[in-house]
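Hi,

Here is the structure I promised to pass on.

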Amino acid sequence: MNSTPPVLGVPVKPEAPRGFTWKKKRNMFMFVFTVPTLLFFCLFMIYPIFHGLYFSFTDWSGGSETKNFIGFDNYKEMLNDPIIGTAIVNDYFLVFWKVIGIVGLGVLFAVVLTRFRLRGTVFFRSVFFIPNILSVVVIGVLWNYIYNPSIGFLNSFLSLFTSENVQTPWLGDTKLAIWMLLPPSIWAGIGFVMILVIAAILNIPKDLYEAASIDGAQEWQQFCRITMPLAWEQIKVSILWVVMTTLNGSFVIVWMMTEGGPDNSTQVMGSYLYQMGFRQYHFGYASAIGVLILILSLITTLALQRLMRRDVVELA
Amino acid sequence: MLPQGHSLWKFSRYVTAFLTYALFVVPLFSLALLLIWRGVIDMNAKRPTWGNSLRLLIICVLVVMMAAGCNSGSKTNETASSNGSGTETMQKEESKQENTDQGNDEVSGDFEIQYFVGGYGDQGWKMILAEFQKKYPNVKIKESAGSKINDQMKPRWIQGNPPDFVYIDGAGSNATQMVLDDQLMDLTDYYKDAKNADDNIIKDELLLKPIEYDGKIYTLPFVFGSWGVFYDKKLFADNGWTEPKDFDSFLSESKKIKDSGKVNAPLIYTGKYPYYFHGGILDSAFVVNNNDDTSILLDMAALKEGIFKSDPVKKALAQMVQMRDAGIIDPASAPINHIDSQMLFLQHKNAFIPNGLWLENEMQKDVPQGFEFGFIPSITQPAGGKHIAIPFTATVGIAKKAKNPAAAKAFLEFLFTKQSAITWAEQTGALGNLKADLDNSNASALVKSAMKFYGSDNTIVAPYVQLNADVDKVKQDSTLALMTGSITPEEWMDRMEKAAAKVRK
């Protein structure tokens with residue numbers, strides 16, 4: 001850059017070191033940190049989404065070189081497919097009970113571990129958190145053994161109290177199986193929520209609790225009036241986290257434990273997608289299910305955010 | 001947008017991914033690091049900068065880690081496809097060979113074989129390929145093998161750059177689907193009078209005939225075995241139980257076993273994969289109830305209208321219900337996978353298990369001392385009736401777009417010789433699909449005793465068929481539901497007819 005001599009009387013901006021103005025630096029900074037991320041976001045998120053959308057309008061088997069454009073046929077087919085209905089119901093069943101279970105127990109444990117002066121807090125905290133570092137695959141295998149009708153822990157345990165051996169096939173009963181998926185999923189999720197809420201509670205000034213107890217507030221009242229409102233942000237995040245991971249990720253636990261069976265009674269959208277795409281060679285149809293998952297997760301997340309935003313205004 | 005599957009598109013995608021990584025992320029990351037290091041970047045001049053820089057650094061590291069993670073994924077693909085194109089370019093030099101006839105000395109050039117490595121291991125293939133190499137020294141063999149090979153090679157099949165020869169077995173492979181996807185060479189005319197390397201007509205040597213798809217042949221069955229019901233001879237001898245010969249003796253024997261209280265229930269199967277139950281028990285029952293006429297299986301595979309509601313099916317399902325209601329079947333079956341069911345069987349928690357001949361090999365490490373496998377091809381036949389053996393196989397085929405079909409055919413002819421069959425049996429403990437004398441080979445005792453069944457006049461070996469994947473899924477779901485008592489045989493038949501009708505459309 002040519003540096004012209006300063007003209008008298010005109011105020012000169014002090015030149016930035018090494019030839020960069022502040023603005024340029026800022027722009028460069030933004031470029032450096034946004035463009036690669038954006039690029040990868042496009043490459044690994046946006047592009048596959050649109051590609052999947054395109055597949056969902058075709059009859060591609062997943063293995064052939066050719067595919068035909070069939071318009072909305074896959075979507076029409078979905079309307080007539082009773083398993084899709086089962087899968088959606090199961091998905092929201094899991095969402096509902098997992099939110100209740102994980103967030104409920106997570107908050108409970110967090111409160112217990114912070115507000116009640118217990119011994120061994122660190123120990124419990126780690127114990128509850130351990131399932132979180134286990135892979136879901138491991139959890140699935142582990143619980144498969146617990147539920148095993150012949151040699152499983154659950155039946156052996158129950159047999160202690162009955163005269164005859166208990167042989168309930170927990171995961172083999174079309175009505176029971178979906179309920180049986182809840183304990184492992186809840187067990188696996190509590191730790192994260194607990195840690196999150198513990199952090200939130202520890203951030204609440206002690207004075208509030210002190211003042212409350214001087215005024216005669218019981219633990220329960222303190223929980224309702226102080227802990228809940230002030231930890232609500234974290235609880236909200238937890239709920240959203242559970243909902244999103246369930247809608248997108250319940251596939252793993254289902255696939256590890258039942259593969260959607262018996263008789264499709266534990267099929268969720270993710271597992272049905274896999275079944276259709278990779279076991280029954282309807283990749284186009286599977287893509288359509290993928291689009292359905294995307295749409296439903298978006299709607300659910302947005303609706304939830306709306307719902308909970310109002311709450312936060314009321315409470316905080 | 002270029003059509004997916006267009007090789008240019010695929011290629012450009014990998015290149016883009018790589019270039020992005022090499023040209024953008026690495027330099028930008030180093031630049032950012034440098035700038036942060038020298039304090040040029042003040043994210044927010046009003047505040048102390050160190051905290052921000054640290055945060056940025058972390059974000060940056062995360063971004064790069066993500067990039068690296070994603071990229072390593074696409075990179076493996078890249079090597080796969082570049083391998084492919086490598087073969088392609090080398091192949092062009094040899095293209096003169098492509099159309100030559102399969103005269104022995106003229107077989108040369110690159111020859112790529114894809115084979116799945118699973119329960120049978122890879123020793124059998126390696127030895128057969130080594131012998132093939134000896135015979136045709138000019139052929140340059142490339143093996144694409146492994147336990148995940150079906151998934152790894154999939155992109156190449158989709159791109160139209162397949163290997164020459166494929167052994168279709170294991171997870172992620174399905175011969176029927178490959179035919180539907182138009183990936184395999186039509187072998188109909190070739191098969192009519194193809195001779196193997198020993199100059200025998202292949203057609204006459206095969207135990208199992210190839211599946212016909214609308215009268216055309218695309219695959220040849222290479223492995224031979226059958227489903228059946230297994231028991232422990234020793235356990236039976238110790239308790240004075242006898243091998244059931246027909247359905248009535250199966251029921252009475254099961255009752256005896258149940259009443260003895262020595263097992264949880266007489267029979268266990270894997271409810272997670274009900275096709276074991278189909279192969280071992282149900283499919284043979286269809287044939288039995290069709291007066292030993294195996295054509296019913298072909299009709300089922302052809303999804304003939306009304307076949308799933310026909311009389312033989314009704315009778316067979318009635319037998320299943322009879323078994324269910326007699327309490328023969330362990331309720332533990334429904335949720336467990338094949339390995340768990342086999343473990344229970346080996347632990348004598350159950351007396352019978354429907355399974356395939358590979359069972360002994362698969363459970364090798366867990367078989368208790370003194371355990372002696374017994375095998376019955378079918379259990380539903382009437383007194384004095386013939387046994388029905390439902391076969392299983394794994395097939396081989398030649399890619400429609402094979403670059404060296406001459407070599408592929410030569411290998412096929414080499415594969416279907418007695419010598420290869422014996423090599424295969426010795427290395428894998430399983431049977432090749434060839435009438436070979438196994439007495440001198442070291443195939444397992446179970447396999448040899450099974451072989452006696454197939455050779456006997458008292459056993460009918462059913463043709464090998466493969467049901468449409470959608471119908472088969474419905475069949476498995478329905479059978480499990482039937483055996484756990486949540487649907488009736490009528491519902492089973494309705495479901496199957498509906499599923500078949502949907503596919504026929």
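**What turned up in chain B**

If you count contacts in chain B between residues at least 6 apart in sequence, 75% of them join residues at least 24 apart. Keep in mind that this is a predicted model. Chain B has 20 helices and 13 strands, and 53% of its 505 residues are buried.

**Strand 5 and its partners**

I'd start with strand 5 (223–232) of chain B. It is mostly covered, with 10 of its 10 residues buried. Which strands does strand 5 of chain B pair with, and in what sense? Here is the list:

- Strand 12 (residues 431–432) of chain B is joined to strand 5 by two bridges, antiparallel; B:Phe224 has B:Leu431 as its bridge partner there.
- Strand 10 (residues 391–392) of chain B also pairs with strand 5 over two bridges in the antiparallel sense, and here B:Gly225 is partnered with B:Phe392.
- Strand 7 of chain B runs antiparallel to strand 5, with four bridges between them; B:Asn355 in strand 7 stands opposite B:Gly228.
- Strand 8 of chain B has four bridges to strand 5, again antiparallel, and B:Ile376 is the bridge partner of B:Val229.

**Helix 14, next to strand 5**

Strand 5 comes up again with helix 14 (residues 338–346) of chain B. Seven of the nine residues of this helix are buried, so it is largely enclosed by the rest of the structure. The buried ones are B:His338, B:Asp340, B:Ser341, B:Gln342, B:Leu344, B:Phe345 and B:Leu346. What do they pack against? From chain B there are strand 5, helix 11 (275–288), strand 7 (350–356), helix 15 and strand 8, and chain A contributes helix 5 (136–147).

**The five-stranded sheet**

There is also an open sheet of five strands in chain B, in the order 2-1-3-11-4 and with mixed pairing. Strand 2 (139–146) and strand 4 (219–221) of chain B are at the edges; each has a single partner strand, so one side of each has no neighbour in the sheet. From one strand to the next the twist averages 20°. At the strand 4 end, three bridges connect strand 4 of chain B with strand 11 (residues 395–398) of chain B, and the two run antiparallel. B:Thr219 sits opposite B:Gly397 of strand 11 in chain B.

**Helix 13 and two packing partners**

Helix 13 of chain B is worth a look from two sides. With helix 20 (residues 489–504) of chain B, helix 13 (residues 311–325) packs at an angle of about 135°, the axes being 10 Å apart. That angle makes the two helices oblique to each other, and the crossing is right-handed. Helix 13 of chain B brings B:Val313, B:Lys314, B:Leu317 and B:Val321 to this contact, and helix 20 of chain B brings B:Pro489, B:Trp492 and B:Met493. By type, the contact residues are six nonpolar, no polar and one charged.

With helix 10 (residues 247–260) of chain B, helix 13 packs at about 10°, and their axes are 11 Å apart. This makes helix 10 roughly parallel to helix 13 in chain B. The crossing is right-handed here too. B:Phe247, B:Phe250 and B:Leu251 of helix 10 meet B:Gln319, B:Gln322 and B:Met323 of helix 13 in chain B, which divides into four nonpolar, two polar and no charged residues.

**Two single residues**

Is B:Trp424 buried or exposed? It lies in helix 17 (residues 418–428) of chain B and is buried, with a relative accessible area of 1%. Leaving out residues up to four places away in sequence, B:Trp424 touches several others, among them B:Tyr120, B:Trp125, B:Tyr167, B:Phe222 and B:Leu431. B:Ile128 is another of its contacts; the two C-alpha atoms are separated by 7.8 Å although B:Trp424 and B:Ile128 are 296 residues apart along the chain.

B:Gly370 is in the loop between helix 15 (359–362) and strand 8 (373–376) of chain B. This glycine is partly exposed, because its relative accessible area of 43% lies between the 20% and 50% cut-offs. With residues up to four places away in sequence left out, B:Gly370 touches B:Asp232 and B:Lys234.

Cheers

Definitions and conventions: Residues are numbered from 1 along each chain as its sequence is written. Chains are lettered from A and ligands numbered from 1 in the order in which they are written. This is a predicted model: local features need pLDDT of at least 70, side-chain atom pairs count only at pLDDT 80 or more; totals for chains, interfaces and linings use all residues. Side-chain values use heavy atoms; hydrogens and water are left out. Buried means under 20% relative accessible area, exposed over 50%, partly exposed in between (1.4 Å probe, protein chains only). Contact means heavy atoms within 4.5 Å. Axes are lines fitted to C-alpha atoms, for helices over the stretch in contact, and angles run from 0 to 180 degrees between N-to-C directions. Angles under 35 degrees count as roughly parallel, over 145 as roughly antiparallel, 65 to 115 as roughly perpendicular and the rest as oblique. A crossing is left-handed if the near helix is turned anticlockwise from the far one by less than a right angle, and right-handed if clockwise. Ala, Val, Leu, Ile, Met, Phe, Trp, Tyr, Cys and Pro count as nonpolar, Asp, Glu, Lys and Arg as charged, and the others, Gly among them, as polar. Two strands pair if DSSP finds at least two bridges between them.
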